[in-house]
Amino acid sequence: MEVLKLLIRRNSVRSMGFRSGQFSRLESFSTSCQWRTRKKVSQYSTVDTERYSSLVRTVMSSKTSSQTPSSIEDEDYQLYGPVIRSRPPSQHKVPKILHPLLNHAKSHSKYVPGPLTRVMLQKDSSKPSRASVTRILQKTMPPEQAFYLERWKRRMIAELGEDGFKEYTLNIFKQGKLFHAAVEETLTPETSPEEDMECPSEVAGYMESVSHVLNDITGVRALESAVHHSTLQYLGIVDCVAQYRDSLCVIDWKTSEKPKPFLHNTYDNPLQVAAYIGALNSDSNYSYQVENGLIVVAYKDGSPAHAHFLNTEQIKPFWEKWLLRLEEYADK
């Protein structure tokens, strides 16, 4: 640009009759008229225009990117596939002794109407090693599960206070007992219509929630009955043993304030059911064996309960996990 200006000036000088040698004396002349009124100094007069022009040209000639972190991730996914995050190598643990879940000495007897089995829980002080299924699961709870449980407890205490949280847990326990009692009475064939008791208002929603499941239950064999594993020396109380859609099951009734549509939402409940099945099959108080489990999650607002059915193949992995928890409990 400066070169072009000099050429224009040189040509102008020549057209005016000046010799080329005299041009150098005119270069000091200003192209503006000095007798004109001085212009007002602009606030941009101190700007380095050459540097600014260079910066503008650089920016205008560069390609800008409109990508965001999410768009970059999407692009990487299209080019290279999903991200595979490294995980520490995990070893599949197996029990030291794989005790059988089923007892082949027992037959698959057909249901014969008769008195329900209600074995009372016998606590033998001479055998303190016999722990309940619930206690074993509580004492061997995985750290991650214990963390979330403790965090929930602290949040509830912060909202309700110590006394309020105690009252809350007592009410939950009371509702659970009333719900189990209402289900037990509904499934008791000996109860005549005249003896039917009105369902407590506290559990009316729960009973409405499980109504569609109760319609699929027949051939009730045991209710609130104790089971004991003769070899592994643990005990528990099964809620119900009955036919669910023509499959004999150990049925466990649960209540929840949050929906649990998937089996993994039930945490240790499948292990509990597997433990009950193994104990019942080992217990001489029961002439039959059970191969299936059912976890029914009821909701207070009456929403349809979620029924999680577990056949023999689905139960076996949970049975192995239960045996591992037993070993862990024994080592403590």
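Trp152, Phe165 and Tyr168 form one aromatic cluster in this predicted model, where rings of Phe, Tyr and Trp (its six-membered ring) are paired if their centres lie within 6.5 Å, and where planes under 30 degrees apart count as stacked, over 60 as edge-to-face and the rest as tilted. By this rule the count of aromatic pairs comes to eight. One of these is the pair of Phe147 and Tyr148, which is edge-to-face, with 5.2 Å from centre to centre and 70 degrees between the planes. Phe147 is partly exposed at 48% relative accessibility, and Tyr148, with a relative accessible area of 42%, is also partly exposed; here buried means under 20% relative accessible area, exposed over 50%, and partly exposed in between, with a 1.4 Å probe and protein chains only. Trp152 counts as partly exposed at 29% relative accessibility, whereas Phe165 is buried, with a relative accessible area of 9%. A ring is also involved in the arrangement of Arg221, whose charged end sits over the ring of Tyr288 at 4.7 Å from its centre, the criterion being that NZ of Lys or CZ of Arg is within 6 Å of the ring centre and within 35 degrees of the ring normal.

Residues are numbered from 1 along each chain as its sequence is written. Because the model is predicted, local features need pLDDT of at least 70 and side-chain atom pairs count only at pLDDT 80 or more, while totals for chains, interfaces and linings use all residues; side-chain values use heavy atoms, with hydrogens and water left out.

The protein has ten helices and six strands, taken as DSSP runs (H or I, at least four residues, for helices; E, at least two, for strands) and numbered from the N terminus. Of the 332 residues in the protein, 30% are buried. Among the contacts with a separation of 6 or more, 72% are accounted for by residues 24 or more positions apart, a contact being defined by heavy atoms within 4.5 Å.

Helix H9 (residues 269–282) packs with helix H10 (residues 312–331) at an angle of about 90 degrees, and their axes are 8 Å apart; axes are lines fitted to C-alpha atoms, for helices over the stretch in contact, and angles run from 0 to 180 degrees between N-to-C directions. H9 is therefore roughly perpendicular to H10, given that angles under 35 degrees count as roughly parallel, over 145 as roughly antiparallel, 65 to 115 as roughly perpendicular and the rest as oblique. From H9, the residues Pro270, Leu271, Val273, Ala274, Ala275, Ile277 and Gly278 meet Ile315, Phe318, Trp319, Lys321, Trp322 and Arg325 of H10. The residues of this contact comprise ten nonpolar, one polar and two charged, where Ala, Val, Leu, Ile, Met, Phe, Trp, Tyr, Cys and Pro count as nonpolar, Asp, Glu, Lys and Arg as charged, and the others, Gly among them, as polar.

Asp268 is found in the loop between strand E4 (247–256) and H9, and at 13% relative accessibility it counts as buried. Tyr267 is found in the loop between E4 and H9 as well, but it counts as exposed, at 54% relative accessibility. The phi of Tyr267 is near 55 degrees, a positive value in a residue other than glycine. Most residues other than glycine have a negative phi. A positive phi, near 45 degrees, is found also at Glu224, which lies in strand E2 and is partly exposed, with a relative accessible area of 29%.

Thr231, in the loop between strand E2 (217–228) and strand E3 (234–244), is exposed with a relative accessible area of 53%. Its C-alpha atom is separated by 9.0 Å from that of Ala279, 48 residues apart along the chain, and Thr231 touches His99 and Ser282, residues up to four places away in sequence again being left out. Gly114 lies in the loop between helix H4 (69–80) and strand E1 (131–132) and is partly exposed, with a relative accessible area of 33%. Between Gly114 and Gly219 the C-alpha to C-alpha distance is 9.7 Å, the two being 105 residues apart in sequence.
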